[in-house]
2 protein chains.
Amino acid sequence: MSIPLKHFKKGTPKPELPDDGVLRFYSMRFCPYSERAALVLAAKKIPHHKVYIDLNEKPEWYTDYSPLGKVPAVQLTAVAGQPALVESLVIAEYLDEAYPERKLLPTDALQKALDKILIERLAPAVSAVYPVFFTNNPPVDALQKFEAALDVFEEEIKKRGTPYFAGQQIGLVDYMLWPWFERFPALKITLADKYELDKTRYAKLLQWRDLVAQDEAVKAVALDPRVHAKFMFARHEGKPNYDVAFEPV
Amino acid sequence: MSIPLKHFKKGTPKPELPDDGVLRFYSMRFCPYSERAALVLAAKKIPHHKVYIDLNEKPEWYTDYSPLGKVPAVQLTAVAGQPALVESLVIAEYLDEAYPERKLLPTDALQKALDKILIERLAPAVSAVYPVFFTNNPPVDALQKFEAALDVFEEEIKKRGTPYFAGQQIGLVDYMLWPWFERFPALKITLADKYELDKTRYAKLLQWRDLVAQDEAVKAVALDPRVHAKFMFARHEGKPNYDVAFEPV
């Protein structure tokens, strides 16, 4: 009863999963929000079954798990009613509380609040870079806005004065930010001028990125920038093929 | 050193506040997200100074507290560096953890996650009703979409089978949803056909609303539908006067 390594589409039957009480993780392999949940699952070594969803042609049965059809979703098969959780931060925090062995969120209420606010502050960078990733004609000021939004993070890592945003060890805040930093190097491939983040302007942030890239959970989950670039090119053409994630680079 | 009861505008000097370690709460009196924080402050009886911000002409000094100029913000003057917290849910959760006397969030990780997901599910109702509240020409299907989005809450309160979403007692989830339910009755005044939520379709939800309206914190914070309607009419004209909140009905 192994689950096929593909994104399930409209018209494909529900995968048959063992009735083993193991958590079920619904995601899309290129979705950065899904990756947040995948990183927490990997970092905490939580056993789970992976089911990938084609977001372009969602299978009819997917709304049984995620009423709005969104990924990620995590279904708790060992709990009465087998509820499914959605929203990447809600899932991450739930997993961190329900599997307390290696705590990723700070226990201090204030630090936890400051980390969540920092995670929210990525939103302007995400909005600015999204059309650069996925369209042929991003607004002319998109990269400028993106860089201005990243200045906040360069400042913050300097202010915190620790190798990770979370402190001396990697933590939830680092994992929640990582997926976008994993994708930025793909711009060196997709943009004509081989775009890279400025090594002086983002000196500390790039050190952080190199360090996080070495984390075991990140290594287990991350995709190569060339694979991200391949997906971005396909999106430029309006023909996303999610399964390129599973092809060799 | 009492703070004037008005919304501070561009050009007005920073209010002088006592250096007493008391939390400072920055908000706009009609902002539903600000009201979420106000409800938690009231429910937990947390002492605080109130500073109201004119969102149309923000005072220059406001970004010192909320870098993006957003309300609500809560400044922790008793903490080193006097950090300011933003984002209504982050503030609410922080206050609930930092002032644990009367816990408003469930302690169970799963129930907490489910409550947060329910709070997120109000978003489609908020988006649909926003132009109905604040413009003269909402899309023709706006009320229909709004009602469809509220069906989720009628179903959920039935499913939970308790008077409050939080259970037998009012809790964080109820306070986070309340501000919009406080505003819906204003539509009876602002819309030509004296719009009200259908008493059959939303029977349980309206029972919940009547019950929450009797809560002490809600009574301390809520504004009369006529005051909300006055503000909505002013917004229709493009001339919001936030200080109508402080005038007699």
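Here are a few friendly notes on the salt bridges in this predicted model.

1. Let's start with the overall tally. Over all chains, the count comes to 43 salt bridges. The points below pick out some of these pairs.

2. In chain A, Lys9(A) pairs with Asp54(A), and their closest N and O atoms are 3.4 Å apart.

3. Turning to chain B, you will find Lys9(B) in a salt bridge with Glu57(B), at 3.8 Å from N to O. Glu57(B) belongs to the loop between β3 (48–53) and β4 (73–75) and Lys9(B) to the loop between β1 (7–8) and β2 (23–27), so the contact links parts that are 48 residues apart in sequence. Glu57(B) is partly exposed, with a relative accessible area of 37%, and Lys9(B) also counts as partly exposed, at 34%.

4. Some salt bridges share partners. One network formed this way brings together Glu93(A), Lys116(A), Glu93(B) and Lys116(B), so do display both chains when you inspect these residues.

5. Finally, have a look at Arg183(A) and Glu182(A), which form a salt bridge with the closest N and O atoms 3.9 Å apart. Arg183(A) is buried at 3% relative accessibility, and Glu182(A) is buried at 5%.

Technical notes: Residues numbered from 1 in each chain as written. Chains lettered and ligands numbered in written order. Predicted model: local features only at pLDDT ≥ 70, side-chain atom pairs only at ≥ 80, totals over all residues. Heavy atoms only, no water. Salt bridge = Lys/Arg side-chain N within 4 Å of Asp/Glu carboxyl O. Buried < 20%, exposed > 50% of the residue type's maximum accessible area, 1.4 Å probe, protein only. Helix = DSSP H or I, 4+ residues; strand = E, 2+ residues; numbered from the N terminus.
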